[in-house]
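Please read the points with the structure open.

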Amino acid sequence: MSSRSIYEILAVCSPGLERILSGELALLGIEGEPLPGGVSFKGTLEKVYLSNLWLRTASRILLKIGRFKAFSFKELIEKASRYPWEIYLSTAKAIKIRVTCHRSKLYHSKAVAERILKAISLRLGREIELSREEKAPLLVVRLFKDEVLIRVDSSGGDLFKRGYKVAKGPAPLRENLAAALILLSGWDKKAPFLDPFCGTGTIVIEAAMYAANLAPGLNRSFAFEKWRNFDEELWQNLKEKARNVINPPEGLILGTDFSEKAISASRENAEAAGVNSWVNFQKIEVSRLKPPAPKGFMVTNPPFGKRLKDISPFEKLRNLFKKEFSSWNLTLIYPDKKLPVDFPLKLERIAFFEHGGQKVYVFKKQTSG
């Protein structure tokens, strides 16, 4: 298969973010079909590379290898061994295989994975082992009504791992979820931007990358770079184009937190992300915040759950918006359909996604002015 071949591609995302991911693809000139947990589209390797390089809210980019019916393990091995595994696994010694089975005669996921592994070994003429290593090539296999769908991961690890999380903190928001929150807020990249519970800085850093048009995948490697059909020239051209469109943001992008340790971690992560000159972090307790401008966007992940013994952060936010911040936009998340305090303004529940193993809801207040 050449770089001009047309592939069936799936951009995977957290359930609830399909619409916003579809919008991201549209900005890349890619028309996709939203599905539960992702957006499917067709395209050449260029679209595989572009989606890995530019998508902020996706988790992985999967490529369809094949689809066929299988009613026995013998048939599964025979049909799976027909595919050109040498293109995607030419140097692999071990791989990961994730299997789900529903309403099929072959219902044991571990046994299916073992037969797929055997089929690949037969095709390659050498033994391949199963691995649990994060960087091992990944196959995603789905059986539904005896139909087998096999996809290969082109990303080589979760796309939210941009590579800048050098300093850790409690209950961090994944980078792709932080990006989703920013996109859902409707921020125009120019108005002042503030996260009053910045933690390790993820939302602020993602805001800076978004405002600067900095491709989130620019400084990491991908699984497709090890494929036999990898087009090095095309990939380098796409990365060069991405570098050329970076435009340092002009507006204020600010993160505050009551913890000196959090501010230190935020600054360290911002430096690793290459955005430290575009952001500002300050140690300020939320109740002492003053608006840095008459209007702006506050986007935040307030402490809740195990991080929180009372509702004081939400009370403090409510008090801010009763007074000086009344003309600001607000977007936040909370793991319930109803917020723990009543705000003096209407907050609409506009989306949801999973964070830390639980469903959280996105609430948004938009000013009319």
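1. Between domain 1 and domain 2 the count of salt bridges is zero, a salt bridge being a side-chain nitrogen of Lys or Arg within 4 Å of a carboxyl oxygen of Asp or Glu. Three residue pairs, both at pLDDT 80 or more, are in polar contact across this interface; such a contact is a pair of N or O atoms within 3.5 Å, where within protein one must be able to donate a hydrogen and the other to accept it, and residues adjacent in sequence count only if both atoms are side-chain atoms.

2. This is a predicted model, in which local features need pLDDT of at least 70 and side-chain atom pairs count only at pLDDT 80 or more, while totals for chains, interfaces and linings use all residues. Residues are numbered from 1 along each chain as its sequence is written, and side-chain values use heavy atoms, without hydrogens and water.

3. Domain 1 spans 7–153 and domain 2 spans 175–217 + 247–365, with bounds from an automatic or database domain assignment. Their C-alpha centres are 35 Å apart.

4. The two domains bury about 1300 Å² between them, 65% of it on carbon and sulfur atoms; this is the accessible area (1.4 Å probe) that two parts lose on being put together, summed over both. In domain 1, Leu17, Ile20 and Arg56 lose the most area to domain 2, together 45% of what that side buries.
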